[in-house]
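The stops below can be selected one after another.

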Amino acid sequence: EVHGVVSFYHHFRSEAPGRHVLRLCRAEACQAMGARAIEAHVRRRLGIGYNETSADGRITLEPVYCLGNCACAPSAMLDEQVHGRLSLEAVDRLLDGCGEVA
Ligand code: FES
């Protein structure tokens, strides 16, 4: 019963996340504005896929399907802060701010 609840709701976890959680929006507006390139860049840079944590334990990467920030797509949420109009450079600055080493 507990497993059913934990696995149904995305914000419940069965393992501790990294020090920071980066959620990349994968919904339509963000995809239309280049989210797939950002996603590929982040995954390559961190060396992880969705729902995984970087080897140094700093960043957990999660997908999200709309942050309500479509007008400023592509969007992401780092911890509790939403970021819009992301570029590869902007997402690099977010990752650098987490102390993540490229
Ligand atoms: S589609 Fe990405 S914020 Fe809405």
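This tour of a predicted model goes through its salt bridges and then one of its helices.

**Stop 1: R45 and its partners**

Seven salt bridges are present in the structure. To begin, select R45 and D92, which form one of them, with their closest N and O atoms 2.7 Å apart. R45 belongs to helix 3 (residues 35–46) and D92 to helix 4 (residues 88–97), so this pair ties together parts of the chain that are 47 residues apart in sequence.

Is R45 buried or exposed? R45 counts as buried because its relative accessibility is 17%, and the cut-off for buried is under 20%. D96, at 45% relative accessibility, counts as partly exposed.

**Stop 2: R58 and D56**

Next, select R58 and D56. Their side chains form a salt bridge with an N to O distance of 3.7 Å. R58 has 27% relative accessibility and counts as partly exposed. D56 is likewise partly exposed, at 45%.

From there, move to R13, R23 and E62. Salt bridges with shared partners join these three residues into one network.

**Stop 3: the buried side of helix 4**

Return to helix 4, residues 88–97, and view it along its axis. Which residues of helix 4 are buried? They are A90, V91, L94 and L95. These residues cover an arc of only 140° around the axis, so they lie on the same side of helix 4.

Now show what surrounds that side. The elements covering the buried residues of helix 4 include the following:

- strand 1 (20–25) and helix 3
- strand 3 (59–64)
- strand 4 (76–78) and strand 5 (81–83)

**Stop 4**

Finally, step just past helix 4 to G99, where the backbone takes a positive phi of about 80°.

How values were computed:
Residues are numbered from 1 along each chain as its sequence is written. This is a predicted model: local features need pLDDT of at least 70, side-chain atom pairs count only at pLDDT 80 or more; totals for chains, interfaces and linings use all residues. Side-chain values use heavy atoms; hydrogens and water are left out. A salt bridge is a side-chain nitrogen of Lys or Arg within 4 Å of a carboxyl oxygen of Asp or Glu. Helices (H or I, at least four residues) and strands (E, at least two) are DSSP runs, numbered from the N terminus. Buried means under 20% relative accessible area, exposed over 50%, partly exposed in between (1.4 Å probe, protein chains only). The arc is that of the directions from the helix axis to the C-beta atoms. Contact means heavy atoms within 4.5 Å.
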